[in-house]
Amino acid sequence: MSEKAIVRPYGDTTGDGMVQVSFTLPVSHDKRAEGAAVQLANRMGIDPAMVVHAKPMGDEFTFFVVYGRVNHLVDLNAVQVVERDFALLSAREVNTVVKQRLRRKLSVVGACIGTDAHTVGIDAILNVKGIAGEKGLEYYRELKVVNLGAQVSVPELVEAARVEKADAVLVSQVVTQRDAHLHNTREMSAAFREAMPAGRRPLLIVGGPRFDETMTDELGVDRIFGRGTTPGEVASYLVHALITQRKATA
């Protein structure tokens with residue numbers, strides 16, 4: 001990244017402030033609907049705004065893509081993100097650390113909770129086939145992985161974690177309508193706090209494309225992983241949080 005602290009969006013030329021946004025309005029597609037889209041874009045700070053794409057989505061909805069200029073600036077020094085604070089380890093390194101320091105298999109239980117039936121995310125992290133050529137946690141010989149699959153209730157997850165003596169619980173949430181992912185996560189963390197004392201509670205990890213990684217304290221979990229997370233990152237974090245960090249603070 002350059003040393004610039006203040007930046008402006010880039011469209012056709014550097015610093016022109018051009019952006020592109022998409023949204024759906026609950027109106028039939030006509031000239032009036034396109035005017036409404038421009039009005040909305042103006043109120044968002046896009047001025048001038050141009051409708052570059054409009055497509056009917058049934059009889060009473062229209063999808064828009066709007067292109068235009070904003071005057072907003074971005075202060076890079078004010079951006080808050082969660083930086084990776086642990087080393088990335090290979091599968092061999094993860095297995096070695098777990099075997100030498102934990103001296104037993106590290107137990108992981110994963111699931112999609114609530115009504116969420118989208119297992120692509122949890123399967124990409126847990127299943128041996130993994131994602132993008134990187135094998136999932138089932139591939140790690142020193143990890144014991146139980147994948148409960150989709151639409152698991154919170155009580156079922158807590159009980160499975162108890163039975164498996166889980167060191168970590170991984171939850172994937174893709175369904176986000178009406179903030180379902182946030183409600184489900186809060187319910188899960190509260191259930192684990194009620195069911196288990198702090199010293200015996202597993203590491204609680206959630207992931208999904210709409211999570212804000214800075215909300216760990218608010219949601220009552222230990223770590224949040226966003227889009228693009230790989231199995232290797234999760235495995236490395238488990239070693240960091242459950243073995244390396246704990247040993248350093250013991």
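Analyst: Val74, Val79 and Val81 make a nonpolar surface patch of about 240 Å² (members have over 30% relative accessible area and no salt bridge, nonpolar side chains joined within 5 Å; areas are Shrake-Rupley, 1.4 Å probe; a salt bridge is a Lys or Arg side-chain nitrogen within 4 Å of an Asp or Glu carboxyl oxygen). This is a predicted model, with local features needing pLDDT of at least 70 and side-chain atom pairs 80 or more, while totals for chains, interfaces and linings use all residues. Numbering starts from 1 along each chain, and side-chain values use heavy atoms, without hydrogens or water.

Valine 74 sits in strand S5, residues 74–75 (DSSP runs: strands E, at least two residues; helices H or I, at least four). At 37% relative accessible area, valine 74 is partly exposed (between 20% and 50%).

Now the sheets. One is open, with three antiparallel strands ordered S2-S4-S3 (pairing takes at least two DSSP bridges). S2 (18–25) and S3 (49–56) each have a single partner, so one side of each lacks a neighbour in the sheet. Twist averages 15° from strand to strand (C-alpha axes, for helices over the contact stretch; N-to-C angles, 0 to 180 degrees). Seven bridges tie S3 to S4 (residues 62–69), and alanine 54 faces phenylalanine 64 in S4. Helix H1 (residues 31–43) lies across S2, S3 and S4 at about 135° to S3 (contact: heavy atoms within 4.5 Å).

Another open sheet has five parallel-paired strands, S7-S6-S8-S9-S10, with S7 (143–147) and S10 (223–225) at its edges. Three bridges join S9 (residues 203–207) to S10, where glycine 207 stands opposite phenylalanine 225. Helix H5 (residues 180–195) packs there, touching S8 (168–172) and S9, at about 175° to S9.

Definitions and conventions
Patch = residues over 30% accessible without salt bridge, like charges linked within 9 Å, V, L, I, M, F, W, Y side chains within 5 Å. Buried < 20%, exposed > 50% of the residue type's maximum accessible area, 1.4 Å probe, protein only.
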